[in-house]
Amino acid sequence: MHSRLHLKTYFLIAVMVIAGPIGNLLIAKAMKQTGPIVYWPPSELLHVFLRVFGGFTIWAGIACLIAFIVAFMLALSMADYSYVQPAAALGYVMIALLGVFVLGEKVSPLHWAGIAVICLGVSFVRGTHPRTTENPD
Amino acid sequence: MTLEYILFALIIVVGTGGELCLGRAMKETGELERFRPLAVMKLLGRALQVKWIWIGVAMMATAFFSLLLLLSFEDVSFVFPVTALSYLVGALGGIFFLGERVSWQRWIGIALVCLGVSLVVIGR
């Protein structure tokens, strides 16, 4: 049984889970492309700043993180924090998948076990009602 | 070592506390009814007028920069196991600060998420 509240909440949590890790990844990538950061003299810092913010990657990352925080706020406007916070732990699944398929990293068996336990935990949380407080208005 | 643990506890409490304030602000703002760009903008505009949102943003920023500072002189592997505790802090905050009812089923789910996140961090 899926109410409108359920569907809206699932959608927003999906946006958080996808956009958050991708945003962090893009920003990490942009910072690595920048090379070493030189703090002195101050004019060098300006160059570093221009190198970081002159690229496309950093802005794509920032856009993802804005999507994440907006989805988080909208989710909290309709669902409990104690529902959204554990459900958003599905981001760890996304991080592992990005690691394997995008970065070509190896994920340890213990890491996969942790991901299975997170999924199990989220399925328990999902079985509870997303909102247990009254609307203020 | 003890000092670091105290700092981590503070970062978790302040960071999760900031998110809880965001939750408080959004509960006061009211529910998003439709996924229309204008409706979303209006809701966010109303949210920015709630004082809790600014308290939340300030707390989240404090936790973020404290974490960066700590990471600059501490090994990452030491940092992240503690993040699992934020789910416990979050559930308690949900109950006592936001008036949410956490059923036994949700508690089990939260405990499993804590365990799973710890395993992910250790397994890295």
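In this predicted model, 16 residue pairs, both members at pLDDT 80 or more, are in polar contact between chain A and chain B. Five elements of chain A each give two or more residues to the side that touches chain B: α1 (4–34), α3 (56–78), α4 (81–87), α5 (91–101) and α6 (109–126). The largest share of that side, twelve residues, comes from α6(A).

**Composition and extent of the interface**

- The side of chain A that touches chain B divides into 27 nonpolar, 13 polar and five charged residues.
- Chain A contributes 45 residues to the contact, and chain B likewise contributes 45 residues.
- About 3700 Å² is buried between chain A and chain B, with carbon and sulfur atoms giving 68% of this area.
- Within chain A, the residues that lose the most area to chain B are M73(A), Y81(A) and Y92(A), which together make up 17% of what that side buries.

**Salt bridges**

- Four salt bridges are counted between chain A and chain B.
- K8(A) forms a salt bridge with E31(B), and their closest N and O atoms are 2.9 Å apart.

**Fold and shape of chain A**

- Chain A has six helices and zero strands, in the order α-α-α-α-α-α from the N terminus on.
- The radius of gyration of chain A is 19 Å, well over the 14 Å that the globule rule gives for 137 residues, so the chain is more spread out than a compact globule.
- The C-alpha trace of chain A spans about 60 × 45 × 20 Å along its principal axes.

**Packing within chain A**

- Of the 137 residues in chain A, 43% are buried.
- Among contacts in chain A with a separation of 6 or more, 75% are between residues 24 or more positions apart.

Conventions:
Residues are numbered from 1 along each chain as its sequence is written. Chains are lettered from A and ligands numbered from 1 in the order in which they are written. This is a predicted model: local features need pLDDT of at least 70, side-chain atom pairs count only at pLDDT 80 or more; totals for chains, interfaces and linings use all residues. Side-chain values use heavy atoms; hydrogens and water are left out. Contact means heavy atoms within 4.5 Å. Buried area is the accessible area (1.4 Å probe) that two parts lose on being put together, summed over both. A salt bridge is a side-chain nitrogen of Lys or Arg within 4 Å of a carboxyl oxygen of Asp or Glu. A polar contact is a pair of N or O atoms within 3.5 Å; within protein, one must be able to donate a hydrogen and the other to accept it, and residues adjacent in sequence count only if both atoms are side-chain atoms. Helices (H or I, at least four residues) and strands (E, at least two) are DSSP runs, numbered from the N terminus. Ala, Val, Leu, Ile, Met, Phe, Trp, Tyr, Cys and Pro count as nonpolar, Asp, Glu, Lys and Arg as charged, and the others, Gly among them, as polar. The radius of gyration is taken over C-alpha atoms; the globule rule is 2.2 Å times the number of residues to the power 0.38. Buried means under 20% relative accessible area, exposed over 50%, partly exposed in between (1.4 Å probe, protein chains only).
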